[in-house]
Amino acid sequence: MIFRQLFDSVSGTYSYLLASRAGGEALILDPVLEKADRYCQLLRELDLKLVKAVDTHLHADHVTGLGELRDRTHCITIMGEQSKADVVSMRVSDGDKVTIEGLCLDVMYTPGHTDDSYSYLMGDRVFTGDTLLIRGTGRTDFQNGSARAQYDSIFNRLLKLPEETMVFPAHDYKGDTVSTIGEEKRYNPRLQVRSIDEYVELMGNLNLPNPKLMDVVVPANMHVGLHQEELAKQGLALSAHQAIESLGRPEVLLVDLRESGERARHGTLSGALHAPYPSIDESLRPGGMLREVAAATGRRIVFFCAFGERSAMAVAAAKDAGLTNAVHIAGGIDAWKKAGGPVLTG
């Protein structure tokens, strides 16, 4: 396995690059905007294809690299379903799995630092975001934070993991890089409390100043979505209502870019062909499934996904591959449902 812990000294942020092999698919956790060049250089050096970029929560001390990495690598951006970010490609919830070739992360909802805080468990290690730090815990006094919720996330979720599980947080300010669940149980001063009320009192008396750039960073991190308006101007987007009207027309080929887990949870559209986004380039090249189906039937490809981000990138990929009449459903199945469109479940 390829595992890289990358550090941003300005914000004290740890980002993690994961892959199962050189030449394979990669995932990055909590990337920092200013480090995007470094990440892309490392991806080239290790011959990796970035397919997913994940933020554990909406950060308040640095601008996320999610949007920049999506624009550069066409990766899928991922956050928790509670996130206030305007558009991410995929929203996850407790119990979901985030997968790339050869690797699987179990999604754990661990609110408290913020109400959209998640941890990701991968075998012998857990990425705890700002929920559990090394000899500390994330502050709970802004962004709908809650010391009570954090106590529950830590004591009833994270500390129930095997003691030897390695802890990799999203921040450190003292130079520590890794800990274990057992170490934190024993030596983390904030976890030596006797009750939830004692923890709430402890966190309520920290009196920390706000992060220096918080007023700039939080709004920036809430607006990382791909600008889908451009496609609409070019006539390459259907509104949800237009898409609903075209359902069942023989000249239209609906293509669902979501992953199987998303389809099972949120339903799909009648007659849609399943072609997960990570293999879109393969599907569009000569001999690829989508290209062959479109050529053989003369049907117009209409891409859709969860919120319109993957489908917007797929339209651009189709254009590059010479399929100029592909369009997408703006806002994805989320907009389709809000417009009252029929969905197949089960």
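A pocket is an open set of grid points, on a 1 Å grid over the protein atoms alone, where a 1.4 Å probe fits and where protein lies on both sides within 12 Å along at least five of seven lines. In this predicted model, the largest pocket holds about 800 Å³ of space. Its lining consists of 34 residues, and Ser11, Asp61, His171, Tyr173 and Pro211 are the ones nearest its centre. The lining comprises 13 nonpolar, eleven polar and ten charged residues.

| Core | Residues | Members include |
|---|---|---|
| Largest nonpolar core | 56 residues | Leu18, Leu29, Tyr120, Phe127, Ile301, Phe303 |
| Another core, apart from it | 28 residues | Ala19, Val32, Leu43, Ala60 |

The core lies between domain 1 (2-222) and domain 2 (228-339), because both domains give residues to it.

A record also describes part of the chain. The UniProt annotation "domain: Rhodanese", from an unreviewed entry, covers residues 248-345. In the model, this span is 41% helix and 15% strand, and its end C-alpha atoms lie 17 Å apart.

One proline in a loop may be examined individually. Pro209 is located in the loop between α5 (196-204) and α6 (214-222). Its relative accessible area is 64%, and exposed means over 50%, so Pro209 is exposed. Between Pro209 and Pro162 there are 47 residues of separation in sequence and 35 Å in space, C-alpha to C-alpha.

Methods: Residues are numbered from 1 along each chain as its sequence is written. This is a predicted model: local features need pLDDT of at least 70, side-chain atom pairs count only at pLDDT 80 or more; totals for chains, interfaces and linings use all residues. Side-chain values use heavy atoms; hydrogens and water are left out. On a 1 Å grid over the protein atoms alone, a cavity is a set of points where a 1.4 Å probe fits but cannot get out, and a pocket is an open set with protein on both sides within 12 Å along at least five of seven lines; lining residues have an atom within 4 Å of a point. Grid points are joined across faces, edges and corners, and a volume is the space filled by probe spheres set on the points. Ala, Val, Leu, Ile, Met, Phe, Trp, Tyr, Cys and Pro count as nonpolar, Asp, Glu, Lys and Arg as charged, and the others, Gly among them, as polar. A nonpolar core is a set of buried Ala, Val, Leu, Ile, Met, Phe, Trp, Tyr and Cys residues joined through side-chain atoms within 4.5 Å. Buried means under 20% relative accessible area, exposed over 50%, partly exposed in between (1.4 Å probe, protein chains only). Domain bounds come from an automatic or database domain assignment. UniProt positions are given in the numbering used here, feature names are shortened, and annotations may be inferred rather than shown by experiment. Helices (H or I, at least four residues) and strands (E, at least two) are DSSP runs, numbered from the N terminus.
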